[in-house]
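Have a look at the structure first, then read on.

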Amino acid sequence: MTIPLCPHNEPQRLLELKRLKAMENIVEKSYGNYTLLAASICATPASAISLIDSDAQWFRAQVGLHLKGTARDISFCTHAILHDGVYIVNNAHEDPLFQGNPLVTGEPRVCFYAGAPLITSRGHNLGTLCVMDYVQRTLTPEQIQVLKRLSDQIVIQLEESMNTANLSATLSRLHTFLDHMEFAALIEDEEGAVLYLNEGFKRMFPAALDLETAKACDHRQSLIEDLKDCFSQPQEFMELVTDFMKERRKRSCQELRTRDDAILELDYIPTLDNELYRGHIWLFRDVTEQRRVAQDIEQHKIQALHAEKLAILGEMAAGLAHEINNPLAIIQGQAHRLRLQARRQTLNAEGVESAVQCIDVTVARIVKIIQGLRAFARDDGQAEPQIVSVQQIIDDALMFCESRIKNHGFHLRVTPVPSDLRMICRPIPITQVLVQLLNNAFDACRMQEGGHPWIEIQIRHEADSITLRVVDSGPGIPRELAEKIMLPFFTTKEIGKGSGLGLSIAKGIVESHRGAFFFFDQEAPHTTFVLQLPLARAGASFDRPLN
């Protein structure tokens, strides 16, 4: 007797045996007909489905045998799984491989054996469908062919059973997953019959439970159509559903409003099988709370922006008061001089003309300041871009800040600007950005201990852009804060002194002009904010509008 070798892919073969759960799934009740048919066609008294594990062979279905299994090293089937065709032993008493084998010399006294390997789709031989006789004999080619086909059918049934079990387990896990989701899911076939609806659907549409029961009574109307009365516009809902089912393409985030004023988002997914239409998947999400939160956030944002603008205007109040008080003092002085000359009867035309001219110029200055303040306070975000003098932008910004900076003894330096240097922008928002940077620089200088605080506006221009830098001598921005200062609502000021929106807003304004706004490298010796904007060139146009 010769002990059989192991197949070359033995570890993978054993894993396949375990994966398919063949020991559990191949049972007499389900597979007994194969052994009965094999024994009948081959005219043998015994037949079995044999599976080979690491140590033994096991008979999972059998005819004419009364064995549960045998040791692997004496098994005929262990020899058979080394072959892909039907393995035949016509006379085991004369075959050197089986002489002295206890299955030959003792019960069940096998003389003839034919085994068709059970070859899986992955190419692993799990065992055999075998037939046996107690006398020497042969099989016809037709019998051999039928035996092989029966073994193939056993494997097909085994794999299909395993696939069905896996599919069932997958569907169970999927249904469990869907039942724990917040959205409502409805799956229908192409005729509108309900295949599945999750717990979320039952919670969102309680009336659908009765309709699910009606499905068991051959209810064939589409459940989705029965939901129309749940919505504030039933006819529009039905038109939407009809269009989706006609188009048969994925649609997402269609907003609907229910009769109780909830807001739902509808997703539609057609189900396909090899490009054949098989039905519909409907997903509903209740986004009422999300919409309310989004509205609240937007409202708070508007309020915060308004508060930021008021804070900026409040910071400029002292400087504006000085700007207006100076010309008012001039007017008051001229009026006082005219009154004295009138009392002394020393008035003359030349003196009156000089005083009136001075008053006119001074009033025009006050008017300009007030107009600038009104322009600064209004929303100019949607105005058309213009070609604007860079010097004008700087002058308008300094009108709000210069007096306050100089009144505190801070030195203000501005790089000379060529008179013909122009940029493309919406002037009011860019002025607001520059004012914000100058105010921040002023606050930084007030924190400087000793020395001579200063603020500088640097202007540089290249072929297609202009760069404005606002630099101050303040204590600088720590490295751990430098990466956060552009974030909305982040501020280093005391509570009540700033909303944290200034730099975030400024960044958005500049980027909407196709420009760049950033904090210069924190390794620089002084705090520097950089504003880059498109430079106006000869023949410039607005055929490519700003954001």
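Leaving out residues up to four places away in sequence, Asn91 touches Cys111 and Gln136, where contact means heavy atoms within 4.5 Å. Asn91 sits in the loop between strand 4 (87–89) and helix 5 (102–105); helices (H or I, at least four residues) and strands (E, at least two) are DSSP runs, numbered from the N terminus. With a relative accessible area of 12%, Asn91 is buried, buried being under 20% relative accessible area, exposed over 50% and partly exposed in between (1.4 Å probe, protein chains only).

Before going further: this is a predicted model, so local features need pLDDT of at least 70 and side-chain atom pairs count only at pLDDT 80 or more, while totals for chains, interfaces and linings use all residues. Residues are numbered from 1 along each chain as its sequence is written, and side-chain values use heavy atoms, with hydrogens and water left out.

Now for Thr120, which lies in the loop between strand 5 (112–119) and strand 6 (125–133). Is Thr120 buried or exposed? Thr120 counts as buried, at 5% relative accessibility. Setting aside neighbours within four places in sequence, its contacts are Glu16, Leu20, Leu126, Val155 and Glu159.

Zooming out, the protein has 15 helices and 18 strands. Of its 547 residues, 43% count as buried. Among contacts with a separation of 6 or more, 63% are between residues 24 or more positions apart. The protein exposes about 29,900 Å², with carbon and sulfur atoms supplying 53% of it; accessible areas come from the Shrake-Rupley method with a 1.4 Å probe, and for residues only the protein chains shown count as cover.

Finally, confidence: mean pLDDT (the predictor's confidence in each residue, from 0 to 100) is 83, and 84% of residues reach 70 or more. Over residues 495–501 the pLDDT is below 50, and this stretch has 17 contacts in the model beyond near neighbours in sequence. Residues 538–547 are also below 50, with 16 such contacts.
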